[in-house]
Amino acid sequence: MGGDSKYLGLWYVSPYIIGLLLFTAFPFLASFYLSFTDYDLLSTPEWVGMKNYEKLFTRDRTFDKSLKVTLIYVFTTVPLKLVFALFIAVVLNYRLKAINLFRTAYYVPSILGGSIAIAVLWRYIFADTGLVNMGLALFGVEPINWFGDPNTALFTITLLRCWQFGSAMVIFLAALQSVDKSLYEAAAIDGAGQWQIFRYITLPLITPVIFFNLIMQTVQAFQEFNGPYIITEGGPLKSTYLLPLYIYDEAFKSFDMGYASAIAWVLFVIIMVLTLIAFWSSKKWVYYAGDKRS
Amino acid sequence: MVSYSELPNPAHNTGDAPTQLELKLRRKARINSALRYTVLAVIGLIMVYPLIWLVGASFKTNSEMFSSPGFWPSEPTVQGYIDGWKTSTPYTFGHFFLNSLWIIIPKTIGTAISCTLVAYGFARFDFPGKNILFATVIATLLLPNVVTRIPQYLLFRDIGWLDSFLPLWVPSAMAGDAFFVFMVIQFLRAIPRDMEEAARVDGATTLQTLIFIVVPMLMPALISVCLFQFMWTMNDFLGPLIYISSVEKYPVSLALKLSIDTTEAFAWNQILAMSVLALTPSLVVFFMAQKYFIEGISTGGVKG
């Protein structure tokens with residue numbers, strides 16, 4: 001505002017600046033440094049050059065397994081969750097009387113889903129004689145050993161996170177509701193079917209929120225910790241041993257801070273590369289209203 | 001998707017009997033909405049059933065719990081609540097709830113105040129380096145915590161904050177949760193400045209303008225911030241797991257994990273009963289203020 005010192009705004013953002021330097025920027029750089037050291041918390045960090053990374057990529061079977069499981073987890077969970085969230089949002093985006101009731105019912109799991117209590121619940125409903133197997137028995141399906149089989153254990157965590165599709169859905173729904181209705185009318189008069197309208201009008205118009213959800217959900221999925229820590233404890237046979245779990249164990253159980261930092265940096269670089277790819281590709285598929293590109 | 005009932009209906013304009021085509025379209029619209037209701041109701045039921053089952057199961061005896069998928073207990077008992085409340089530690093579950101509250105309240109207040117100041121700075125002032133600083137807000141939004149966690153731990157160890165609530169409070173009180181900062185900035189940018197400018201003309205300082213003009217208008221956004229911070233802190237597990245080591249200071253999330261580890265394998269109803277209690281505050285808060293949650297998500301999300 002006129003007349004004020006041009007530094008006045010800096011005073012207001014100063015808490016952020018201090019916090020950024022102390023709790024984000026400094027730790028960010030420090031973890032990069034630590035990843036080149038050997039540090040057990042007791043002595044001082046000892047510089048070891050590329051040794052941690054060399055071990056990670058050449059000799060560490062646990063890392064190979066953990067990385068593979070993490071990628072499988074992210075690339076199944078994120079698309080499943082987003083497609084499901086979009087599907088429900090589309091179904092809800094109709095002049096239904098009970099829209100608010102449904103929106104609430106669907107949103108409750110994402111409010112609670114991060115809670116340890118829900119992870120505990122998941123342990124029980126997927127137990128051998130738990131709710132899911134009892135439900136399947138009603139349809140004559142043989143009980144499944146969800147946590148005992150490396151092929152299904154990870155899927156229970158995927159299901160937990162898909163169950164929390166509510167916040168992505170609310171964002172989709174808000175976007176769908178802001179689409180100009182006259183576009184639909186024009187298309188319907190021109191004889192477009194429902195699928196065509198969805199595919200060629202609705203979908204392009206909501207690409208910005210698809211993009212937003214995609215990025216946020218991916219970054220989040222790569223950091224999944226509570227699910228595998230509580231529900232499956234990384235097992236069986238490390239089939240749910242996601243990288244954040246491995247980092248936690250290395251850092252806070254083995255106290256190998258240098259090695260844990262190296263794993264964290266590999267995870268960070270993967271997330272960053274994927275995010276950059278997403279941003280770069282968004283020029284080709286994300287449509288911003290008012291943009292002149294066709 | 002488009003609904004046929006939204007199309008202009010010539011029958012209303014002319015008063016003629018509906019044509020064959022219109023009847024067909026209307027029937028199609030009815031089937032369409034019946035189909036939607038069915039899909040939504042079935043999926044909704046599947047989604048909510050685990051929660052309903054959880055509540056029912058917490059009143060069941062241990063032997064009944066794994067014998068039927070129904071949620072209604074045949075011999076309701078509160079034994080699970082009584083035993084679970086006592087816990088295997090010297091403290092009751094109530095103690096852990098107070099700990100959670102003692103983490104949440106200062107953290108939430110700190111978040112609200114710092115986000116207000118910082119968002120005001122970003123949305124209403126020009127200063128050197130503003131664009132770069134704002135870019136760091138977005139970058140932090142996307143920065144995975146996993147990469148900063150270890151040095152943060154070392155920092156808090158070196159200044160002697162381990163096993164206290166300070167590592168959980170202080171970063172948030174320094175506007176460390178980029179999501180909230182971003183949300184309040186977006187909200188503030190959409191508010192017209194007329195009232196603030198009038199107050200400045202009348203001689204109010206920027207701080208007075210902030211407190212008496214901006215904050216009241218920001219209230220919906222700040223309530224959203226507080227509610228989300230309440231939920232997330234209530235659910236937070238990894239933070240306390242790393243920083244809190246003495247059982248005396250455990251919040252509910254750690255106490256629940258402890259009860260899984262220490263309760264005998266057959267005492268499921270205790271654990272489920274305490275899970276119900278752990279979820280209750282979040283559920284109550286959500287139902288009291290769900291409007292703010294939905295709005296919060298939409299502001300923080302769509303405009304991103």
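Modeller: Domain 1 and domain 2 of chain B bury about 990 Å² between them, and 75% of that area is on carbon and sulfur atoms. Buried area here is the accessible area (1.4 Å probe) that two parts lose on being put together, summed over both. On the domain 1 side, L54(B), N62(B) and Y81(B) lose the most area to domain 2, together 50% of what that side buries.

The model is predicted, so local features need pLDDT of at least 70 and side-chain atom pairs pLDDT 80 or more, while totals for chains, interfaces and linings use all residues. Residues are numbered from 1 along each chain as its sequence is written, chains are lettered from A and ligands numbered from 1 in the order written, and side-chain values use heavy atoms, without hydrogens or water.

Domain 1 of chain B covers 4-82 and domain 2 covers 89-302; these bounds come from an automatic or database domain assignment. Taken over C-alpha atoms, the centres of the two domains of chain B are 34 Å apart. In chain B, 13 residues of domain 1 are in contact with 12 residues of domain 2, contact meaning heavy atoms within 4.5 Å.

Between the two domains of chain B there are zero salt bridges, a salt bridge being a side-chain nitrogen of Lys or Arg within 4 Å of a carboxyl oxygen of Asp or Glu. One residue pair, both at pLDDT 80 or more, is in polar contact between these domains of chain B. A polar contact is a pair of N or O atoms within 3.5 Å; within protein, one must be able to donate a hydrogen and the other to accept it, and residues adjacent in sequence count only if both atoms are side-chain atoms.

Within domain 1 of chain B, α2 (20-57), α3 (62-65) and α4 (79-86) each supply at least two residues of the side that touches domain 2. The largest share of that side, five residues, comes from α2(B). Helices (H or I, at least four residues) and strands (E, at least two) are DSSP runs, numbered from the N terminus. By class, this side of domain 1 of chain B has eight nonpolar, four polar and one charged residues. Ala, Val, Leu, Ile, Met, Phe, Trp, Tyr, Cys and Pro count as nonpolar, Asp, Glu, Lys and Arg as charged, and the others, Gly among them, as polar.

Chain B also meets chain A: 98 residues of chain B are in contact with 102 residues of chain A. The two chains bury about 9200 Å² between them, of which carbon and sulfur atoms give 78%. Chain B and chain A have zero salt bridges between them and 16 residue pairs in polar contact, both residues at pLDDT 80 or more. Again α2(B) gives the largest share of the side of chain B that touches chain A, 17 residues. That side of chain B divides into 67 nonpolar, 23 polar and eight charged residues.

An unreviewed UniProt entry lists transmembrane regions in chain B, including residues 34-56 and 96-120; UniProt positions are in the numbering used here, feature names are shortened, and annotations may be inferred rather than shown by experiment. Residues 34-56 of chain B are 100% helix and 0% strand, with end C-alpha atoms 31 Å apart. For residues 96-120 of chain B, also 100% helix and 0% strand, the end C-alpha atoms lie 36 Å apart.
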